[in-house]
Amino acid sequence: MKYALIGCGRIAVNHVKAVVNNHLDFIAACDLELGKIDILFDKTNYMDRDRVERYTDYRKMVDEHPELELVAIATSSGAHAEIALYCIDRGINVIIEKPIAMSMADADEIVRRSEEKHVAVSACHQNRFNIAVQQMRQALEAGRFGKISHGSIHVRWNRNRDYYDQATWRGTWAEDGGCLMNQCIHGIDLLRWMMGDDVDTVYGVTRQQQHPYLEAEDVGMAVVTFRNGAIGTIEGTTNVFPCNLEETLYLFGENGTVKLGGKSTNNIDVWEFADETQEDAKNKGLEEVTSNVYGNGHTSLYTDVIDAIETHRKPYVDAVAGRNALEVVLAIYKSMKIGQPVKLPLRDFASADMKGTFLTGEE
């Protein structure tokens with residue numbers, strides 16, 4: 001399958017590993033700085049780099065390679081929607097790094113056009129493929145939790161000045177958003193997915209506490225009500241001293257309690273069910289070793305997308321999933337802006353609408 005990568009920064013290493021593991025035909029790479037492509041190949045020890053054509057203009061790359069079947073988009077967040085729509089309109093399947101877009105209008109347009117063009121679009125929420133997450137999901141789908149009472153996600157990480165200095169777009173409302181949009185959206189995706197997806201209201205509060213050189217928030221909390229009666233809470237921050245602490249997901253039901261832990265929901269810290277079986281023993285204390293907070297899920301996500309393309313089905317993590325995770329983040333932002341709960345579905349709101357919220361980095 002002919003493949004190209006657009007954006008060769010921090011997360012691109014995981015994409016190249018997924019390309020190698022899935023034996024894709026990597027024919028082109030694009031970045032505004034050509035030097036980043038070679039740096040990426042050095043980091044991954046990619047042996048077939050001489051076969052990969054280099055571009056700084058994604059439009060030129062796409063237009064010169066009509067044979068492309070799959071493109072991954074790993075650029076600054078603010079460019080995701082524009083690039084995705086350009087590829088979709090040309091019938092190219094896409095994997096879009098989170099967030100899928102920076103506005104509800106763009107996210108809804110990606111969903112609409114992908115369905116119109118019969119193109120596979122996957123939001124890169126790779127943590128859905130974590131072993132621990134998959135075990136929780138299987139128990140949920142089997143009805144083992146019973147009625148869900150409530151759940152919560154806690155993303156307690158650290159991002160310092162050096163991280164934000166690596167790219168000028170980081171921490172800006174137009175191109176990135178804050179910790180909820182960038183670091184915490186994976187956990188938000190998991191919480192919404194596990195708790196029934198059908199959100200009723202979101203009430204959120206955000207602050208800019210320790211990163212005065214940024215436009216956006218570095219801590220945010222929210223209460224989410226679901227139409228099935230369950231309640232969810234969200235806590236996300238990049239203010240944890242001195243380094244990443246944890247990403248934990250709790251799910252509480254009448255017949256079961258599970259806590260996923262580790263740096264990126266890659267462990268099972270608690271696994272208790274009323275109908276306990278011998279099979280449950282292997283889940284208690286499960287730990288999936290990962291080399292970084294991005295986990296191991298990119299390879300599995302790519303495998304699924306390739307199969308989805310070949311069998312003409314939707315990917316496991318499709319464009320709607322990406323849209324739904326974005327909707328919760330933007331609902332938190334809007335709730336902060338207006339000072340009251342926000343009813344879903346959310347329409348016509350963008351991260352850029354938050355400009356001026358914190359008079360720090362924007363002064």
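Here are some exercises on a predicted model, each with a worked solution.

**Exercise 1. Find out how Asp-25 and Lys-2 are connected, and whether each one is buried or exposed, or something in between.**

Step 1: Start with the side chains. Those of Asp-25 and Lys-2 meet in a salt bridge, with a distance of 2.5 Å from N to O.

Step 2: Now look at where the partners sit. Asp-25 belongs to strand E2 and Lys-2 to strand E1 (residues 2-6), so this pair ties together parts that are 23 residues apart in sequence.

Step 3: Check the accessibility. Asp-25 has 17% relative accessibility, and since buried means under 20%, Asp-25 counts as buried. Lys-2 has a relative accessible area of 30%, so Lys-2 is partly exposed.

**Exercise 2. Work out which elements the salt bridge between Arg-59 and Glu-82 ties together.**

Step 1: Confirm the contact. The side chains of Arg-59 and Glu-82 meet at 2.9 Å, N to O, in a salt bridge.

Step 2: Arg-59 is in helix H3 (residues 58-64), while Glu-82 is in helix H4 (residues 80-89), so the bridge ties together parts that are 23 residues apart in sequence.

Step 3: Arg-59 is partly exposed at 36% relative accessible area, and Glu-82 is partly exposed at 46%.

**Exercise 3. Explain how Arg-112 and Glu-109 are placed in their helix.**

Step 1: Look at the contact. Arg-112 forms a salt bridge with Glu-109, and their closest N and O atoms are 2.7 Å apart.

Step 2: Count along the chain. Both residues are in helix H5 (residues 104-117), and because they are three residues apart, about one helical turn separates them.

Step 3: Arg-112 counts as partly exposed, with 40% relative accessibility.

Step 4: Zoom out. A search of the whole structure finds 34 salt bridges. Some residues are linked in a network of salt bridges: Asp-108, Arg-192, Asp-197, Arg-323, Glu-327 and Arg-347.

**Exercise 4. Describe how strand E7 pairs with E11 and with E10.**

Step 1: Take E11. Strand E7 (residues 148-156) and E11 run antiparallel, joined by eight bridges. To see this in the model, find Ile-153, which stands opposite Leu-249 in E11.

Step 2: Take E10. Here the pairing with E7 is in the parallel sense, over seven bridges.

Step 3: Keep one general idea in mind while you look. In a regular strand, side chains alternate between the two faces of the sheet.

**Exercise 5. Track down two residues other than glycine with positive phi, and two cis peptide bonds.**

Step 1: Begin with His-23. Its phi is near 55°, a positive value. His-23 is in the loop between helix H1 (12-21) and strand E2 (25-30). With a relative accessible area of 70%, over the 50% cut-off, His-23 is exposed.

Step 2: Move on to His-312, where phi is near 60°, again a positive value. You'll find His-312 in the loop between helix H10 (297-311) and helix H11 (319-338). His-312 is exposed too, with a relative accessible area of 75%.

Step 3: Now the peptide bonds. The bond from Phe-241 to Pro-242 is cis, with omega near 0°. Pro-242 lies in the loop between strand E10 (231-237) and strand E11 (246-253).

Step 4: Finish with the bond from Leu-344 to Pro-345, which is cis with omega near 5°. Pro-345 lies in the segment after strand E14 (342-343).

Notes. Residues are numbered from 1 along each chain as its sequence is written. This is a predicted model: local features need pLDDT of at least 70, side-chain atom pairs count only at pLDDT 80 or more; totals for chains, interfaces and linings use all residues. Side-chain values use heavy atoms; hydrogens and water are left out. Helices (H or I, at least four residues) and strands (E, at least two) are DSSP runs, numbered from the N terminus. Buried means under 20% relative accessible area, exposed over 50%, partly exposed in between (1.4 Å probe, protein chains only). A salt bridge is a side-chain nitrogen of Lys or Arg within 4 Å of a carboxyl oxygen of Asp or Glu. Two strands pair if DSSP finds at least two bridges between them.
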